[in-house]
Amino acid sequence: MEKYMPALVVGRERGLPSVWAIYIIAETAMSSTHLQAAVKLQKKALRNAISHRLRQLSPQSINEQSQAITERILSLPSFKSCRSISCYLSMPSAEATTDAVIHEILSSGKKLYVPKIKTADGTMDFLRVYSADDIASFLSGKWGIREPGELWGEQRRESILTSPSETLDMILLPGVAFDRGLSRLGHGKGYYDRFISAYTSSGRSKPLLVGIGLNEQLLDMNQVPVVDHDWCLDVLVTPREMIVREDLADEQTGDSK
Ligand SMILES: Nc1nc2c(c(=O)[nH]1)N(C=O)[C@@H](CNc1ccc(C(=O)N[C@@H](CCC(=O)O)C(=O)O)cc1)CN2
Ligand SMILES: Nc1ncnc2c1ncn2[C@@H]1O[C@H](COP(=O)(O)OP(=O)(O)OP(=O)(O)O)[C@@H](O)[C@H]1O
């Protein structure tokens, strides 16, 4: 192997800070711990750059982009056929709103699960949600995200991680940045990556992973740095583009050979 071959080449995207230059690192000269630490720094710099972009977006742009995203999601064959789905409840800003998708999920009789961060151990689970009225009663927690309580009326809500017989067909994932190679960067807590690892470790098949991003969150191939524990998406939906894993393309676009 050539001695100074870069481990990761990132940041060719116009408008991202020149700080990238310092992360072109000789793979052969680094231990895996150093490599992990370098990737962590890259991720942090990318998060800051994209978050800055997102803060410039008007609510009107977010609404228009969210409408276009909703139309694309609703037309996906895998969305139409799925019976149980996880969808995030959107934050007040800086991400695509999911209200219309949630409305469709509930009115079509699919089982809906939304994220809940467990205070005891800081992991994320998905809890079953039953109706628009149910959601309207949620309180906003950290980061302004609405979360369900543990109970629905007198009953404990179904939870995906504590009920091994419950399965998810699809997860709609938020993120800070995405690239055309279907890599995803989250907010840096590892909630989604750890959830998917825990879920698949219990023997259940991986749900279809569908990322949702605004135009400003989509980067070129290999721009999002990844490590072993990062799960790759199957589909990425943005207002202008839908990117589908190559081997799924026909079934997701509805084309048949
Ligand atoms: N709507 C929504 N719900 C979600 C997520 C999400 O991204 N969006 N999550 C996805 O994991 C989980 C919550 N995780 C989150 C973790 C951090 C921040 C956040 O804004 N944190 C920073 C900013 C970090 C950054 O630079 O991005 C902060 O503390 O200010 C938001 C959500 C579960 N529910
Ligand atoms: N599958 C996993 N197993 C163990 N630790 C993990 C896993 N996924 C992520 N982590 C840990 O979580 C932390 C944040 O990871 P990372 O920066 O990849 O998160 P992210 O992709 O931004 O967040 P998220 O997955 O919530 O969207 C890291 O310290 C990482 O080691």
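Trainee: Which atom of ligand 1 does a polar side-chain atom of W143 lie 2.9 Å from?

Mentor: This is a predicted model, where local features need pLDDT of at least 70, side-chain atom pairs count only at pLDDT 80 or more, and totals for chains, interfaces and linings use all residues. Side-chain values use heavy atoms, leaving out hydrogens and water. A polar contact is a pair of N or O atoms within 3.5 Å. At 2.9 Å from the polar side-chain atom of W143 lies an oxygen atom of ligand 1.

Trainee: How much of ligand 1 does the protein bury?

Mentor: Accessible areas come from the Shrake-Rupley method with a 1.4 Å probe. Ligand 1 taken alone exposes 680 Å². Of that, the protein buries 79%.

Trainee: Which residue has a polar side-chain atom 2.5 Å from a nitrogen atom of ligand 1?

Mentor: L89 lies 2.8 Å from a nitrogen atom of ligand 1, but through a backbone N or O atom. The polar side-chain atom at 2.5 Å from a nitrogen atom belongs to E95.

Trainee: Why do the buried residues of α2 line one face of the helix?

Mentor: Helices are DSSP runs of H or I with at least four residues, and α2 covers residues 59-75. Buried means under 20% relative accessible area and exposed over 50%, with a 1.4 Å probe and protein chains only; the buried residues of α2 are S61, I62, Q65, S66, I69, T70 and I73. They line one face because, seen down the axis of α2, they fall within an arc (of the directions from the helix axis to the C-beta atoms) of 165 degrees.

Trainee: Which exposed residues does the face of α2 turned away from its buried side carry?

Mentor: The buried side includes I62 and I69. The face turned away from that side carries the exposed residues Q60, Q67 and E71.

Notes. Residues are numbered from 1 along each chain as its sequence is written. Chains are lettered from A and ligands numbered from 1 in the order in which they are written. Helices (H or I, at least four residues) and strands (E, at least two) are DSSP runs, numbered from the N terminus. The expected span of a helix is 1.5 Å times one less than its number of residues. A polar contact is a pair of N or O atoms within 3.5 Å; within protein, one must be able to donate a hydrogen and the other to accept it, and residues adjacent in sequence count only if both atoms are side-chain atoms.
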